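User: I'd like to go through the labels on this one and hear what backs each of them up. Can you take me through it?

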Amino acid sequence: MGRQPIPHNVGRQLWASCGGYCQNPQCNRFLFASVDEDLISLANVAHIIGYGIKSPRSNHELADEIDKNGLDNLIMLCLDCHKIIDELAHKFSVEEIKTWKTTHEKEIKRLFNVPEITNERELLVEVSNLLDENGMIFREYGPYSEKALEGDSGDALIIWRRRCLDTILPNNRRVVDLIEKNKKHFPFPWDVYKEMMVYRLHVDAFEDNCLLDQRVNDYKLFPVEFDHFIKTKLGVKLHPRELRPKEELEFRRGQISIYINRFLCNHDCIADMKEINRATMHVTLKDGRELRVFVTNTYVFTEYTFDKILAIDPYVEVILCSNPSGEYTDTAKQLCIENKIGLFKLREFMGAVRKTGEDFLNYLLVEERNERISHSKNALEHALKDAFLPKGLEAYLFGSFLRRKIYRDIDVLIVYKNDQAQLAVERLAHILKRVAEQYSSLIDITICSSQEFPNLPLKNNNLTKIYSS
Ligand SMILES: [Zn+2]
Ligand SMILES: [Zn+2]
């Protein structure tokens, strides 16, 4: 029986109630750590009564009565604390862990206590101040800040990610809570509440991106509309509104010419390049193909960024992510492929232009392919450490996992060389499935004997050995 994932909304509620800190009172560690340029989430959703039959504390009398993946049975801990309460389960009772959680939640509530405000103006000033703080951080460190665009985007990126978690997210939450809690003081329909509902969608999406993807995304970066609404109600004079697409898809000055003159000028597949405007160039390949290329400097390219770009240039054929520390999401890439648009980082683009069709759109860098192979080898080796499989078993990777950036599933071939090995095939397959589960990938396992092996039509499909006993 497979273990069900914890529902999305439960994870989010848990996150909101822990305030970003480990809920073990002896620990209370901030649940993010920065390692070089990456901000790593240390957050671990732990079961109070373990999920499986032999899991920690699963012999508790309530074990069969409760929803194991329900909010009440989960606690947010750091990696260390999760390990400790699970491995020393006998020392940490269900009741004790529940006390940790309720005490911590009370403290967080006190910390983020939302006041009753009956005067609308007073409430709006409070909201406006929170938005101003977020806006200031966004302008100073966000993806389109001078600092980020000046080139040394690494430091700005780290600060931006950190401030997203310790200031922007809590401020966003507080804005929502302030309006939600005080709506009873104002006549229905209250326009502020209506606007807040739209703003809340932004807050939720932003939070999901920050927390669940374990990275900070520029998804709907700063809610300009909501900010303007609040300021207008307060009678604050505003600058004429900038165009949103421009604001969100900012690019470095002279970026296109840098691409043409520095990065792509010596490429042996490119015949000609022309700058169309600050963001777009026209590339002619030696095989006659013409490509309209849009260059964006966004940190994390999402479906949202995709929509923004298509709104500006519906004829775009390639989107280049130029930010060296930037990346794109799998869903955005998938969406681009479906729309026959190439979405690449510079190095990928340079390789992809050698290919056509699906091979072009879904191009996989050779080193990324090699990374996938070595990663699979290591994960499997680790999982098989104590498995004691008999001699005569082999496992191979093949198929789209080694050919495509976006793949449907991981194809694995198991070959057995003798009767004893054949008996252990199921066990190996089971372990492979578990490893794939850890990386939330689908796996498709083919099994054959060493006599059948030479006749399988897989040799030309990137067949790569990752295990042999
Ligand atoms: Zn656990
Ligand atoms: Zn902890």
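Predicted model: local features only at pLDDT ≥ 70, side-chain atom pairs only at ≥ 80, totals over all residues.

User: What makes His-82 and Asp-86 ligands of the zinc ion?

Analyst: A donor is an N, O or S atom within 2.8 Å of the metal (3.2 Å for Na, K and Ca). His-82 through NE2 and Asp-86 through OD sit at 2.0 to 2.2 Å from the zinc ion (ligand 1), so they pass. Water is not among the atoms, so the site may look incomplete.

User: Why are His-82 and Asp-86 about one helical turn apart?

Analyst: Because they are four residues apart in helix H2. Helices here are DSSP runs of H or I with at least four residues, strands are E runs of at least two, and both are numbered from the N terminus.

User: Is His-82 buried or exposed, and what about Asp-86?

Analyst: Buried means under 20% relative accessible area, exposed means over 50%, and partly exposed is in between (1.4 Å probe, protein chains only). His-82 has 16%, so it counts as buried. Asp-86 has 26%, so it counts as partly exposed.

User: What goes into the largest nonpolar core?

Analyst: A nonpolar core is a set of buried Ala, Val, Leu, Ile, Met, Phe, Trp, Tyr and Cys residues joined through side-chain atoms within 4.5 Å. The largest has 36 residues, and Ile-75 and Trp-100 are among those with the most contacts inside it. Helix H6 gives the most, with seven residues.

User: How do you know where this core lies relative to domain 1 and domain 2?

Analyst: Domain 1 (8-111) and domain 2 (120-241) both give residues to it, so it lies between them. The domain bounds come from an automatic or database domain assignment.

User: Why are E14 and E15 called edge strands?

Analyst: Two strands pair if DSSP finds at least two bridges between them. The open sheet has the order E14-E13-E12-E15, and strands E14 (443-449) and E15 (464-468) each pair on one side only.

User: What makes E12 and E15 a pair?

Analyst: Four bridges join them, so they meet the two-bridge requirement, and they run antiparallel.

Key. Residues numbered from 1 in each chain as written. Chains lettered and ligands numbered in written order. Heavy atoms only, no water.
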